[in-house]
Amino acid sequence: MQNDIFAPARVTAQVGGKEVILECGRMANQAHGAVWIQCGGTVALVTVCSQPLEFDKGFFPLTVEYSERMYAAGRIPGSFFRREIGRPSERETLVSRLIDRPIRPLFPKGLNEDVQVLASVISADQENESDVLALTGASAAVMVSHLPFEGPVAGGRIGRINGQFVLNPSYAQQAQSDLNILFAASSDALTMVEGDAHFLSEDVIIEALEWGRKEIQPLIEAQLKLRELCGKPKMDFTPHEDDPALLAHVQELAHAAGIDAALRIPEKLARKDARKAVKEQVVAQLKADPAWAEHEGLKSVGDIIADLEKKLVRARIVNEGTRIDGRDTRSVRPIQIQTGVLPRAHGSALFRRGETKSLVVATLGSSTDEQRMDSLTGDVTKRFMLHYNFPPYCVGEVKPVRVSRREIGHGALAEKSLRPILPADTDFPFTLRVVAETMESNGSSSMAAVCGGSLSLMDAGVPVSAPVAGVAMGLIKEGDKFIVLTDILGDEDALGDMDFKIAGTADGVTGVQMDIKVTGLTTDIMRAAMQQAREGRLHILEEMAKAIAAPRKELSRYAPQHAEIFVNPDIIRLIIGPGGKNIKAITTTTGASVDIEDSGRVSIFAPTAEALEKAREMICYYDQRPDLGKNYMGKVRKIMEIGAIVEILPNVEALVHISQLDVNRVEQTGDVARLGEDMLVKVIEINGDRIRASRKAVILEEQGHPWNPDETARPQRSERGDRGDRGGRGRDRGGRR
């Protein structure tokens, strides 16, 4: 019916003192699942569609795309094409990852469907954040669809203002908060964590997450109600089960081929080759055996061996307390550090932890180098950027070189972790860019970027408040028993149940990110992981201090030179010049970058100390102050009956009274002074903005008569009588300011 669009299925939930609305049936009804989710004036439309796979891709092809429509905030995109469609922004990529990470593990393994989740922000009220709404909306959309799903989950953001937790704080409240954590949770456990903090203790973080999980439970209940109202019947799904006979035979062959020994090889590449050899031997034996050569299950041999490897590694950790590389569960891999690696870079460090190595470089720039971005809240600028690169050679592979979502996500985490230690813009006005080049990878490369980033900033002489280190924690959970692993390897990440990255200083946490493969984490597991991570972090900080304990006292000789000067705001127009002529001349001549504020504050960034001094000199030329008793070559700007107005400095004029034009009596000003001509004069009086000069004093000096201030300091009686026509800088014809 025509009016059905006005009567969708609707549920509400009170969360953090605000009403959240979830609706189904208003829009996108041809999607397999669609939910309108709203808080205040912020609305996200989230849809899910799927189609059967033509062949098994070897992984679950879930695609999540989050997009922000500029019309949502009454803005027109700033791009050349004035469209949003195209490469997603960094924020859109990060939010897409935030949605993907908690919902992906909740789809059943072996689901033979290509699934696409699209979340579009279609209204933004500049107060309520859209990312957590989109996360909850994605779970709700899958819940009402035909797809099997072990949800629901809901998203939230936790802030802390004056020691009090705030759920889903507004933009204004976030600016006052010392905590900014996004999380996803089910009815009884946490499923995803991402955020930053201002040196908060592990106990505060755990308390915040447990508080937040309880606060968002109304959103879990609302999704279940929405499912009852408009949910579609779930599709039939039967998990794949291997032929028991084939399973047992493959496992037997793998053991005979040395799978146990292969998994005890500490080195990554050697272990990889040994595992590959085991698989190839098993496949060759199966194909050579007539009883198995034509078995339809041979294509799953790789998965069977992978599952066996997972069981063997996990069993060894649980039963022996020994990991793949021989470490116990709490040890950090050996660390090696070298600073100042690149001779011309402003700051650089090579950080190695086990078989993971990262070359991290810090570069300083001027305010013109800051990043400018379009967003729903307006134009945004960033003075600190951290870019994480993961080239294919770091894992010995051949792949197209492009910036992946993973690289953007790891870079954002490292950036959040280091931002709290940076000096304020007012104290250190440089733009900072840190680039982490992963040279070799065997797990925890994002945390190597954090450690190396901190080291490179100190090597560059950036006055950071404290060094930051990061460590990735893993988890092996078997039933009610769990074991937390410190500084996990790549294989331990793949075979384990958690990747929990925690960064911070000796005083507290600055960044966290948690992804899990189980249905959720309890508070006990979180507490154990964070306390064990603190031990590892303090150990890493000790090793970092051996390489460089504090920021270098001076910036690199190749870093931009910076100075700030303050000029009279009235002369800013002179510095800039007509059409920017003067400022262009300064920047072209010196190669410096000049930033002028309306208050008169001028920031100069120059490539060398010589260029800095030259730029300072050229700027100060327009803001000079005359000295009493000093001679100046000025230009006659005005002829008056009582004398001449002479510009002795840029924007500085002085009155040369007719009695001071010559040693002899002058009847008319024009007899001595001519408009536009140069005149050498001496400043004989400064009274605020009133400046008097004398040509007569200069002539007397040339004749051998030193200037006597007492003789010329005050005007003659005739001069005082003509005060109403004195002129001078900053005064009108009546002598008023």
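Which order do the strands of the open sheet of three have, and is their pairing parallel or antiparallel? I started my notebook with that one. The order is S22-S24-S23, and the pairing is antiparallel. A reminder to myself: this is a predicted model.

**Entry 1: the sheet and its helix**

I looked at the edges next. Strand S22 (561-566) and strand S23 (593-596) stand there, and each has a single partner strand, so one side of each has no neighbour in the sheet. From one strand to the next, the twist averages 15 degrees. Then I checked what lies against the sheet. Helix H16, residues 609-620, packs on it and touches S22, S23 and S24. The direction of H16 makes about 15 degrees with that of S22.

I also zoomed in on one pairing. S22 and strand S24 (residues 601-606) run antiparallel and are joined by six bridges. To find my place there, I used Ala563, which stands opposite Ile604 in S24.

**Entry 2: strand S5**

Is strand S5 largely enclosed or left open? I went through residues 62-68 and found that five of the seven are buried, so the rest of the structure largely encloses S5. Its pairing with strand S6 (residues 113-123) is parallel, with seven bridges.

I took H1 and H2 to begin with. The axes of helix H1 (residues 90-103) and helix H2 (residues 131-144) come within 9 Å and cross at roughly 35 degrees. The crossing of H1 past H2 is right-handed. On the H1 side I noted Arg91, Val95, Leu98, Ile99 and Pro102, which meet Asp131, Ala134, Leu135 and Ala138 in H2.

Next came helix H6 (residues 244-257). With helix H8 (residues 268-288), H6 packs at an angle of about 130 degrees, and the axes are 9 Å apart. H6 and H8 are therefore oblique to each other. This crossing is right-handed. His249, Val250, Leu253, Ala254 and Ala257 in H6 meet Val278, Gln281, Val282, Gln285 and Leu286 in H8.

H6 also packs with H9. Their axes come within 10 Å and cross at roughly 65 degrees. H6 passes H9 in a right-handed crossing. From H6, the contact uses Leu246, Leu247, Val250, Gln251, Ala254 and His255, and from H9 it uses Val301, Ile304, Ile305, Leu308 and Leu312. I spotted Val250 and Ala254 in the list for H8 and again in the list for H9.

Is Arg323 buried or exposed? I found Arg323 in the loop between helix H9 (301-320) and strand S11 (335-339). Its relative accessibility is 0%, so Arg323 counts as buried. A polar atom of the Arg323 side chain lies 3.2 Å from the backbone oxygen of Asp328. Among the other residues that Arg323 touches are Arg316, Thr329, Leu485, Asp487 and Glu492.

Gln223 sits in helix H5 (residues 217-230). Gln223 is buried too, with a relative accessible area of 1%. Its side chain reaches the backbone oxygen of Val153 at 2.8 Å. The residues touching Gln223 include Leu22, Thr136, Met143 and Pro152.

Glu202 belongs to helix H4 (residues 202-215). With 5% relative accessibility, Glu202 counts as buried. Setting aside neighbours within four places in sequence, I listed its contacts as Val509, Met530, Gln531, Arg534 and Arg537.

**Entry 3: helix H17, end to end**

Which residue caps the N-terminal end of H17? That is Ser694, with a side-chain oxygen 3.2 Å from the backbone nitrogen of Lys696. Within H17 (residues 695-702), the buried residues are Ala697, Val698 and Ile699. Their cover includes strand S25 (631-639), strand S28 (678-687) and strand S29 (690-694). After H17 comes Gly704, with a positive phi near 95 degrees.

Key:
Residues numbered from 1 in each chain as written. Predicted model: local features only at pLDDT ≥ 70, side-chain atom pairs only at ≥ 80, totals over all residues. Heavy atoms only, no water. Pairing = 2+ DSSP bridges. Helix = DSSP H or I, 4+ residues; strand = E, 2+ residues; numbered from the N terminus. Axes fitted to C-alpha atoms, helices over the stretch in contact; angles between N-to-C directions. Contact = heavy atoms within 4.5 Å. Buried < 20%, exposed > 50% of the residue type's maximum accessible area, 1.4 Å probe, protein only. Polar contact = N/O pair within 3.5 Å; in protein donor to acceptor, adjacent residues only side chain to side chain. Parallel < 35°, antiparallel > 145°, perpendicular 65-115°, else oblique. Left-handed = near helix turned anticlockwise from the far one by under 90°.
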